[in-house]
Amino acid sequence: MTEAIRLDRVSLWRRTQEEFSYDLKRTVLTFLEGKYRKPAKRLILDDINLTIQRGEKIGIVGANGSGKSTLLKLISGILQPTIGTVRVKGNIAPLIELGAGFDIELSVIDNIILYGVMLGFAQREMQERAKLILEFAELQEYELVPVKGLSSGMKARLGFAIATDIEPDILILDEILSVGDERFRNKCEQKMQNFWQDHITILLVSHSMDLIKNSCAKSIWINRGKIEIMGDTEQVIDCYMNSVN
Amino acid sequence: MGNVLKDTVIHKEQGMSKQHYKSKLWWYWELFLVLVRRNLKRRYRGSFLGIYWSLLSPLIMTGLYAAIFGTAFAAYYDNSTRNYVLAAFTGLVVINFFSSSTVQALASVVENGAIVNKIRLPLFIFPLSFIGANLFQLLMGIFPVLFIVTLILSHNLINGIALLLPLSSLIFVCSGIGLLMSALYVFFRDLPYFYELLTFLLWISSPVFYPSEIVPPEVQKVLVINPLLPIIQSIRQISLSGSLPDILLILQAFLSGIIVLGVGAIAFRAWQDQFMDLL
């Protein structure tokens, strides 16, 4: 087995947004009054050590604000660790809050190409893939319609179709598997099944314990920025549920 | 904040190894093109003629200046109202391009905060894509006009082509300011208010609608720090004077462009690690 993701002694400090003044006027004035303080930072992830093998499906559980999404952002390379190293082998695709990146003024086809290029595809390749994506999302007739003209269900379908079309090595799923109507959900589940059988490494964040039990053999419980326990899913979820109740 | 030692931070760049691209640079380029197209489409909603709409504003402004100041200032332009009109037009082209492209670039990083929190993207692409969209618009709309005027007045193709030189320094200045402002806007969300004031100061201190001779020499010494000044002077010299392009003026314009771009790029690079906590 080969390693897909490895985090060594990773800690992350972030600036807390609440304390920060986004105001130039006020910043200059407090500076002149000599009351300027350096913005406070908070420890979000604390000494995380983690190794994930290629092809593993890992569930991630934990309370809101415990650092789950931040961990995923570190793995995606969006955030850099303050201390320690993050090593990732292969192509990462995020599938976080589908459709958030759409530009509603642009047509469906333009959004597909924009999204695809952002995810690392060549424009020409995306033009070819666009047909299949539209077909899967069942939006062929909407190719040239601005995204703002789509219903929320259609948008979700489009997002799912784009993100799953790109066949990544590592797929990051952050609370997303409730897409569209019943029929389309079945279709998505089938596509996800294919992913699950593949060599794709999957990181799944969810508050649905059933979903994690059904999909992931191994899990991680993150509590206040630390890995509380990592191992067999049943065991991890039992510990987590015990602490909650 | 506690004493956080900057330990060995060796984040491998593989996080998003864009395996579909031959190189990172090519990916940046494609990303740039896609974003430029998005900016243009969003503004014109698919109507290509929309670009010519952008010609309207400088033409109306030129007409207005000519009507109000033309007679008074004609003496400084060899007693020719036509020369005044052309000088005002070239100045307006520069200052309009500067303010519209940098104002759009200013908000670009913050506007795309949602997407850069999900996909790892090079942040500097966003301000540059707005400069790119404005450049495309300039090349399609105003540049041909300027080019033809230059050919008519100078009877020389070299002058027409040389116009591209001060124009590229204009792109450098706008990119530098665009990078700087988009970075500052991440930290200070009331920046547009101050930036509006700044562009107004720059506009008034550039000799757009008045001849620079009317400014007292002491004040002129201060005004030379305006990075747009050498660019306007060079474009006017090339297009309106009728003589061959003045290399010294072109070099001055380039120097100003490189300095501003350098400052903007260095500031953006130095601060961008802090962006993600605030987006």
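These legends walk through several close-up views of a predicted two-chain model. Chains are lettered from A and ligands numbered from 1 in the order in which they are written, while residues are numbered from 1 along each chain as its sequence is written. Because this is a predicted model, local features need pLDDT of at least 70 and side-chain atom pairs count only at pLDDT 80 or more, whereas totals for chains, interfaces and linings use all residues.

View 1. Mean pLDDT, the predictor's confidence in each residue from 0 to 100, is 82 for chain A, with 92% of residues at 70 or more. Confidence in chain A is lowest in strand β5 (residues 92-96), at a mean of 69, and highest in strand β8 (residues 218-223), at 90.

View 2. Helices (H or I, at least four residues) and strands (E, at least two) are DSSP runs, numbered from the N terminus. A residue is buried if 20 or more other C-beta atoms lie within 10 Å of its own, exposed if 12 or fewer, and partly exposed in between, with C-beta atoms placed from the backbone. In β3(A) (residues 57-61), 5 of the 5 residues are buried, so the strand is largely enclosed by the rest of the structure. Lys57(A), Gly59(A) and Val61(A) point one way, and Ile58(A) and Ile60(A) the other. Strands pair if DSSP finds at least two bridges between them. β3(A) runs parallel to β7(A), joined by 4 bridges, and pairs with β8(A) in the parallel sense, also over 4 bridges. Look for Ile60(A): its bridge partner in β7(A) is Val205(A), and in β8(A) it is Ile220(A).

**View 3. Strand β6 of chain A beside β7.** Here 4 of the 5 residues of β6(A) (residues 170-174) are buried, so this strand too is largely enclosed by the rest of the structure. β6(A) and β7(A) (residues 201-205) run parallel, with 5 bridges between them. Ile172(A) stands opposite Leu203(A) in β7(A).

**View 4. The largest nonpolar core.** A nonpolar core is a set of buried Ala, Val, Leu, Ile, Met, Phe, Trp, Tyr and Cys residues joined through C-beta atoms within 7 Å. The largest one has 132 residues, and Leu204(A), Ala88(B), Val94(B) and Val173(B) touch the most other members. At least three residues of this core come from each of domain 1 and domain 2 of chain A. Residues are in contact if their C-beta atoms, placed from the backbone, lie within 7 Å. Leaving aside residues up to four places away in sequence, Val173(B) touches Phe98(B), Pro227(B), Leu228(B), Ile231(B), Ser256(B), Gly257(B) and Val260(B).

**View 5. Two loop residues with positive phi.** Most residues other than glycine have a negative phi. Glu138(A), with phi near 60 degrees, is in the loop between α4 (123-137) and α5 (152-165) of chain A. Glu138(A) counts as partly exposed because it has 16 C-beta neighbours inside 10 Å. His155(B), with phi about 50 degrees, lies in the loop between α6 (142-154) and α7 (157-162) of chain B. His155(B) counts as exposed, with 9 C-beta neighbours inside 10 Å.

Terms used: Domains from an automatic or database assignment. Contact = placed C-beta atoms within 7 Å.
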